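Dear colleague,

Please find below the structure I promised to hand over, followed by an account of what was found in it.

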Amino acid sequence: MEKLLNDFSFGLFVWQTLLFGLLLLLLYKYAWKPILNAVNDREEGIKNALAAAEDAKKEMQNVTADSEKLLQEARGEREAMLKEAREIKDQMVTDAKDQAKAEGDKMIKQAKATIESEKKAAVAEIKNQVADLSVQIAEKVIREQLTNKEKQLKLVDDMLGDIKLN
Amino acid sequence: MRNLFTVKVLLICSLFFTSATYASAKEEGVEGSKKDIKTEIKEYISHHLQDSHDFSIFSYTEDNGEHVYIGIPLPVIIWDNGLHVFSSSKFHHGETLAEVDGNYYKLYHSKIYKTDASGTINYDEEQHPTNVKPIDFSMTKNVVMIIITGLLMFWLFTSLARSYAKNGGVPTGAGRFFEPIVLYIRDDIARPTIGEKRYRKYMPFLLTIFFFIWFLNMFGLTPLGVNVTGNIAITFALALLTFLITNFTGTKDYWKHLVDPLGNAMPWYGKLPIYIILVPIELLGLIIKPFALLIRLYANMQAGHIVLMSLIGLMFIFKSWIGSPLSFFLAFAITLIEILVALLQAYIFTMLSSLYFGFASEEHDHGHEHEEEPELAHL
């Protein structure tokens, strides 16, 4: 203890206190304050950045879920549209077929009727012509027959003979 | 990588230290025909442990018996009925008297005494000088080292602060080595012991004291042969600051706990007989805590220097092919341990200061949940 007291130098103590105090003040102002502030800011920055990244991740997940949902909806809609289109197509085809058949039938019927009437007209025409021709022939024959008496009489006899036969 | 570099530099320094001492001691050994070599080494060590009025790097003795000192003289400032300032070269390392303004001063065992013109020193029966000691405010070797360390710290940490500003929060250069230490002190010393809310106001002191002690401990291992942190005046000043800060930032709870440690756990008539013993112990603890701080640092650094220099001295006592290399390697190993001790003592001083600040600034309901902590504080 005595040695300690003997070693104790008051001058050195004063120097140390003054210099250390000065060093403390200077370092506080020019070093520790900016260093600790910078480190704090940096840590805040990192914390914020991490939080932001987490938020972004969540947002991203939401977006993905949304787009998945949208895709699902779109897919469903497309399916429905396709189905509808197919139905409409079928419907149209059937309708067209029916209509075409009906039209065809009608045309066939008309054609048949026309053919029938044409046929009748033709037959009638033929009949008329045949009749005309028959008359003309008959006329010529008769005129020939009637040029001489004997023949006229023979004709009459023949006719009469026919009539009897009838 | 930088850490490795620092260790390498310190290793080289310690090796140099060993060789520097070797050179000087050898010369003295040759000359030491009159003096016993053991006494010589003992004197050399005790001289080294003390503060010095000049910055001597090393000294040797010429063949003609003349001492040669390599170093720088420092200003001597003394108060003796007025301020006297003169260069320490006037003392010629204690060999001559210094005459200043008609008064004579003599350097005896690194202390300045006022003497008569012939330089007689009177001793009492215990061989202590009885001469008048003027109050000595000299810029001693330790003061110079404190200034150098202060400038080094200021340069290092302001450049770290600037590198943050320049580099957007990323340190450069030496800052990369020091930033983790700053963060360690904040996160593993100040925060757990003082608490999240109040640790900030103590940070400048803790950081300054840590680096100050660490750097000076490290300088103590260099060939410069300084022993600043092993000086009682220095450790006293440091511990006094811790003591003052502890008590000036103490909360009401802290003071209440001091004079009423049991609180409401017991009625007053039960507390009275216990308090006769307990309160003086608590009050004594106020002084004991910083006192332990100052003695611990002083004794550790002092002991380290004594052991290291004794081992180096052993080389010249042995003077054999086995003994000298053995003590050299022992000295080398101790140097490595001293590097660790340098850091450890700085850590302990900072840690305990931080703990005391933590107790003083704590605001808790006056229970007894902190019964163990004062014990921890006496470590």
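In strand β2 of chain B, His67(B) is the bridge partner of Thr61(B). Strand β1 (residues 54-61) and strand β2 (residues 67-73) of chain B pair in the antiparallel sense over seven bridges; two strands are taken to pair if DSSP finds at least two bridges between them. Helices (H or I, at least four residues) and strands (E, at least two) are DSSP runs, numbered from the N terminus. Five residues lie between the strands of the β1(B) and β2(B) hairpin, where Gly65(B) takes a positive phi near 90 degrees.

This is a predicted model, in which local features need pLDDT of at least 70 and side-chain atom pairs count only at pLDDT 80 or more, while totals for chains, interfaces and linings use all residues. Residues are numbered from 1 along each chain as its sequence is written, chains are lettered from A and ligands numbered from 1 in the order in which they are written, and side-chain values use heavy atoms, with hydrogens and water left out.

As to confidence, pLDDT is the predictor's confidence in each residue, from 0 to 100. Chain A has a mean pLDDT of 89, with 97% of its residues at 70 or more. Where pLDDT is low, the predicted coordinates should not be read in detail.

Chain B comprises 10 helices and eight strands. Of its 379 residues, 49% are buried (under 20% relative accessible area; exposed is over 50% and partly exposed in between, with a 1.4 Å probe and protein chains only). The domain assignment, which is automatic or from a database, divides chain B into domain 1 (75-138) and domain 2 (143-366). The C-alpha centres of these two domains of chain B are 34 Å apart.

Strand β3 (residues 75-79) of chain B is joined to β8(B) by two antiparallel bridges, and Ile78(B) stands opposite Asp136(B) in β8(B).

In helix α7 (residues 252-259) of chain B, the buried residues are Asp253(B), Tyr254(B), His257(B) and Leu258(B). Viewed down the axis of α7(B), they fall within an arc of 140 degrees and therefore line one face of the helix; the arc is that of the directions from the helix axis to the C-beta atoms. They pack against α6 (232-248), α8 (268-318) and α9 (323-361) of chain B.

Turning to the interface, 33 residues of chain A are in contact (heavy atoms within 4.5 Å) with 52 residues of chain B. The two chains bury about 3,600 Å² between them, 75% of it on carbon and sulfur atoms; buried area is the accessible area (1.4 Å probe) that two parts lose on being put together, summed over both. Leu12(A), Phe20(A) and Trp32(A) supply 18% of the area that chain A buries against chain B, more than any other three residues.

Thr208(B), in helix α5 (residues 199-219) of chain B, is buried because its relative accessibility is 0%. Leaving aside residues up to four places away in sequence, Thr208(B) touches Phe20(A), Leu23(A), Leu24(A), Leu27(A), Trp32(A) and Met153(B).

With kind regards
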